[in-house]
Amino acid sequence: MEVGAEQGRAQGNGRSAAAAGKPHSSPCNSLKMFLVALSFAYFAKALSGSYMKSTITQLERRFDIPSYLIGVIDGSFEVGNLLVIAFVSYFGAKLHRPKIIAVGCVLMSIGTFIIALPHFIIGRYQYETSVRWVANSTLNPSPCPVGSPADLPQDRKLPHMPATGCEGDSNLSMWIYVLLGNVLRGIGETPVQPLGISYIDDFASEENAALYVGCVQTISVVGPVFGYLLGSLCAKIYVDIGFVKMETITITPSDARWVGAWWLGYLIAGFITLLSAIPFWFLPRSLDIPGSQGSEKCTPEETSFIKDPHSVKHKYPTDQNTTFIEMAKDFIPTLRTLLGNPVYLIYLCVSIIQLNSLIGMVTYKPKYIEQHFRQSASKANFLMGVINIPAVALGMFSGGLLMKRLKLNIMGAARFAFSTSLIGYILSLFFFAMSCENAKVAGVTLPYNSLDSISYDKHSVFTACNSDCFCSASDWDPVCGENGITYVSPCLAGCANSSGSGKNTVFSSCSCIGVAGNFTASTGQCPEKDDCDRMFPYFLALSVVTSFIISLGGTPGYMFLIRCISPQLKSLALGFHALATRTLAGIPAPIYFGAIIDTTCLKWGQKRCGGIGACRIYNTTAYRIAYLGLTLSLRTASFIICIPGFILLSQQLRKEERNAIHGVLANGGTELEEEFVISNSDQSQQTADNTTDRETRL
């Protein structure tokens, strides 16, 4: 008991006592163990985060919510960070960092499990369809119920009757669980990045720090590979798998109403995150710095960082026991010192704007691939995980390796990151040329009376050919006519009869299809992929190239953040950077990107209990311009802000160089004066000796 207590006290006494607590564990091995544990934690949090983005269309359809609400759910992760990140970054740096990271991983795991909870308390998924699964196909009801025109209101829309059982079914109460779980995920993720990276930079040599950070960042990009692959797998599985007979499901994964088993991936991600917490409980609070011989010798980081003349001395390093009140009193002056660094402020502004662009783009990129290139959610997630994300991982690792090989200083790292971002920006302009035509949907993108010209008149679903049918304009139950045109529903296609059941249902005597009005239609939208199939490979190739080039500057840019401030402010600088970017980029970007995307919707779905649901079809041309235009406009603004940043950085470096030269000259002048006095003394002594010698000879 006494030995264990003494070891605990020795471990709490800082880096000098770390060896006493772990007599048989070298600092190098402990640092490598921490590097492996942190890499796994980065992998777990990146996997669950990317899986969240891969399920946005599934969540939209399952809870019948628009894209901007999905943006609110996605941004709630950053809200969790916002609540605690400043305090965790500041106070956590003075406490046991590995154990704080372990607690964070446990909270992330709990939050991930809460996200999956609604599936087990909500009812079965019910989508709008006129197709029925019946044993005797001759009993199929007519898709075109005949009604009197007097029975219809003036806008020819059927009054919506809420489904039975709606009193106890609140969609709001269901997606609110997802939001709260994501907030808890954000709280748990808070200590991983600032405390983990600062721990590595504190106890690794300068030449290895960049490589280690590059390795961790690379692993954090490998996590999304598995996250998107998991999303691809779960998107193929029907949401209520195991609870319904699959032969009764009349839609396919490519249908706009399909919902995959979104909940299954969250259970898997939560379990992996829980495992990542285990190693941190057994790691020491601090380590010996490699190559340090005593307190008189400066650490490598102290010689490589910009020295801020106004920075305060760190009063309470990690090897001293301090009270919470003492640390709290030091918080405001330290924060004021940090924000007084103009280079750090410019970097912060550039990061916020670029992350707005990046987060908005990445959040809705799978959806963009689905809607613009008409791919299934499963295929879009698979391509993101197999093609796009590995290019990012390779780029980030290569950036860290190049920084070590080229031995880039702070100005070199800034120029490298800026150049790669600019090249990627120029290449991204070619995405505007990679377009697909809108899907041909009668009454939505094409008028019934002219099926050759594109039109977006949303009030033209009713026409003479379906005037005898008692149809609803709010339903989305698409059928593909023999003429290659998609119709919103069999009723609006004027189909009088149907045969078969399930996915094999065939509608006949459709008065709106063909000149004679006697063509048939099948369930689902028409493929119409000829033009998109030719353009899609070029889109993927350019996406890979731009992702690789932009990510090359990721690690140098991150090391620039660490080395543009004094070492004592490192943890706070990382934490405040994460706080600002999450608050001003992570939270608003998915919301306003989603709101702008919602404006391009042509046909909204209908909630089971009334109200507008998820979007069923978009104007792909407007979607492309809005999505790409907003992304590149934000990056343009960031490049403009970089100009004064480079000017301030060069001025600060020249000022430090002059101060260093003056210091050397001052020290050198003192040494020259001492040497002059000694030299004069020696010459006088030599003259006296020579005189004595001459007198002796005489």
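Visitor: In strand 5, which residue is the bridge partner of Ser499?
Guide: This is a predicted model, in which local features need pLDDT of at least 70 and side-chain atom pairs count only at pLDDT 80 or more, whereas totals for chains, interfaces and linings use all residues. Residues are numbered from 1 along each chain as its sequence is written, and side-chain values use heavy atoms, with hydrogens and water left out. Strands here are DSSP runs of E with at least two residues, and helices are runs of H or I with at least four, both numbered from the N terminus. Within strand 5, the bridge partner of Ser499 is Val506.

Visitor: In which sense do strand 4 and strand 5 pair, parallel or antiparallel?
Guide: Two strands count as paired if DSSP finds at least two bridges between them. Strand 4 and strand 5, the latter covering residues 506-510, are joined over four bridges, and the sense of their pairing is antiparallel.

Visitor: Which are the edge strands of the open sheet of six strands?
Guide: This open sheet has mixed pairing and the strand order 1-3-2-6-5-4. An edge strand pairs on one side only, as is found for strand 1 (441-442) and strand 4 (495-499).

Visitor: Which cysteine forms a disulfide with Cys495?
Guide: A disulfide is taken to be a pair of cysteine sulfur atoms within 2.5 Å, and here the sulfur atoms are 2.0 Å apart, the partner of Cys495 being Cys510. Because Cys495 lies in strand 4 and its partner in strand 5, the pair ties together parts that are 15 residues apart in sequence. The link is right-handed, with 100° about the S-S bond, and the cysteine asked for is Cys510.

Visitor: How many residues apart in sequence are the parts tied together by Cys480 and Cys526?
Guide: A disulfide joins Cys480 to Cys526, with an S to S distance of 2.0 Å. Cys480 lies in strand 2 (residues 479-481) and Cys526 in the loop between strand 6 (519-523) and helix 17 (530-552), so the parts tied together are apart in sequence by 46 residues.

Visitor: Is Cys526 buried or exposed?
Guide: Buried means under 20% relative accessible area, exposed means over 50%, and partly exposed lies in between, using a 1.4 Å probe and protein chains only. Cys480, at 15% relative accessibility, counts as buried. Cys526 has a relative accessible area of 7%, and therefore it is buried.
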